[in-house]
Amino acid sequence: MENQFRQYPLEEDILGALDALGYTQPTEIQAAVIPSILNGRDIIAKSKTGSGKTAAFAIPICNFADWEQNTAQALVLEPTRELAFQVKDELYAIGRFKRLKVPVLYGGFPMEKQILTLKQKTHIVVGTPGRVLDHCKRGTLDLSKVRYVVIDEADLMLDMGFIEDVKNILMHLEGKPVFMLFSATMGERLEALAAQFMHEPLEVKIENDTETADTIEQVGYFVDEDEKKLPLFLDILTMENPDNAMVFCGTREMVEVLYYRLRKEGIACGMLHGMIDQKVRTRTIEDFRAQGFRILIATDVAARGVDFQNITHVFNYDLPTNKEVYVHRIGRTGRAGETGRAVSLIREDEQKMLNSIESFTGVGLAILKPPAAEDVENARSAFLKRQRQKRPRKKKKQDVFGGQIMNLTIGGGKKSKLRSGDVVGAISSIDGVDGKTDIGAIDIRESITYVEILNGKGALVLEELPKRTMKGKYRKGSQTRERIGTIIKVRHSN
């Protein structure tokens, strides 16, 4: 069957990436907004996570981007670092064959390293408002050529107090970019933002995030004493025996208590909260997506935006204090026509919050009795067997390009006065290699340089590169294989 994205005026490089990613039929949100974005129309869209909204704006943005231009042509603002990385990966994958560079800017990472990245060729910038604004004020991020702006999860931006930063960032834009605003809800402040910066936007509403899916079975257990909560949860978890589950806690301390308790039982799990180092958080998200473990314990940092597939269970260890948060939490399961189960532990003094949740969702939670000790003991063997069972790891999105793209690491960088032209010149001199189509992103660091070789030409470049010089020196290569893709390390010859 022909890829239905071919109905849109998209470049072959974009269509090729969509084929590789398995994107053959537009989702409802994609079909609703892609043609309008391609025609330069401002968009206000209400669509929940998992609906394909990231690709809805990523596809036209990547199609629009001009590789020859060195400064940012599109800006995507995200409320959290996790979302920024997720969106960056999607843009990078869709723009892979166009060799688009997509730097991600966020706090908690050295400003100097981000400045070095921005000094190189940049096509699409993704970032959190605070760090993006810092770069704007420093003059290290040039937004003068930006023609597409995405404000994603705008209501969460508002909740986190970022709207003023967003406004200040938008003041640095020139001309009349195409604006896209994606939000679960629209209040007065977001409407005012849209009125200030958008021109006759097309409003698209795909799904109402304030309603829970019919495919989610919601149940609850009352617990009258805090000290009984943990053993009750462990019994429930054993009985439910989830395939893939998310457990939400109200505090990071409780996240850690549950994490270490499950680990003590020999159960593979992961944890996420705001005080965990960003690299560790990113690795945890990647491992959970790759089926490295079945249970992710988190604060509400993971309740919005970050997309996980095939979640069978959501557990509210702590009932949220906000009815909307409850909906976002349990919305992690029961997606794409699949069924899901949401299990909540409820203290006696949380009856008012329970009533509010049931009124808001229009669904009454079925209150169950705690499982009998004998039933838990009988279920324990099957639970431990499943939770400890190793599963084949799923490929990352970027792995689908593995056979066509090779990453080279070249010994030498800024200290060796290497420039992109030196790298391109040496590789382009190899017979059978086209510098315009076969060389991807180039990232020059202080003493090392990374370059992508496209279209299956990696082996050829690896063989021939030692016969060429860069800055008057021959460089021979050695190949090593790592978990993701193939990395070639090329060092100076003696």
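User: Is C136 buried or exposed?
Analyst: Let's start by saying that this is a predicted model. A residue counts as buried when its relative accessible area is under 20%. C136 has a relative accessibility of 8%, so C136 is buried.

User: How many disulfides are there?
Analyst: A disulfide is a covalent bond between the sulfur atoms of two cysteines. Here the two sulfur atoms have to lie within 2.5 Å. Take C249 as a case: the closest cysteine sulfur, in C269, is 11 Å away, which is too far for a bond. The count of disulfides is zero.

User: How many residues apart are F85 and Y106?
Analyst: F85 belongs to helix α4, while Y106 is in the loop between β3 and α5. Their pair links distant parts of the chain, and the separation is 21 residues.

User: Which residue lies over the face of W67?
Analyst: Here we look for a charge over a ring, with the charged atom within 6 Å of the ring centre. At 4.2 Å from the ring centre of W67, the residue over its face is K121.

Technical notes. Residues numbered from 1 in each chain as written. Predicted model: local features only at pLDDT ≥ 70, side-chain atom pairs only at ≥ 80, totals over all residues. Heavy atoms only, no water. Buried < 20%, exposed > 50% of the residue type's maximum accessible area, 1.4 Å probe, protein only. Helix = DSSP H or I, 4+ residues; strand = E, 2+ residues; numbered from the N terminus. Lys NZ or Arg CZ within 6 Å of the ring centre and 35° of its normal.
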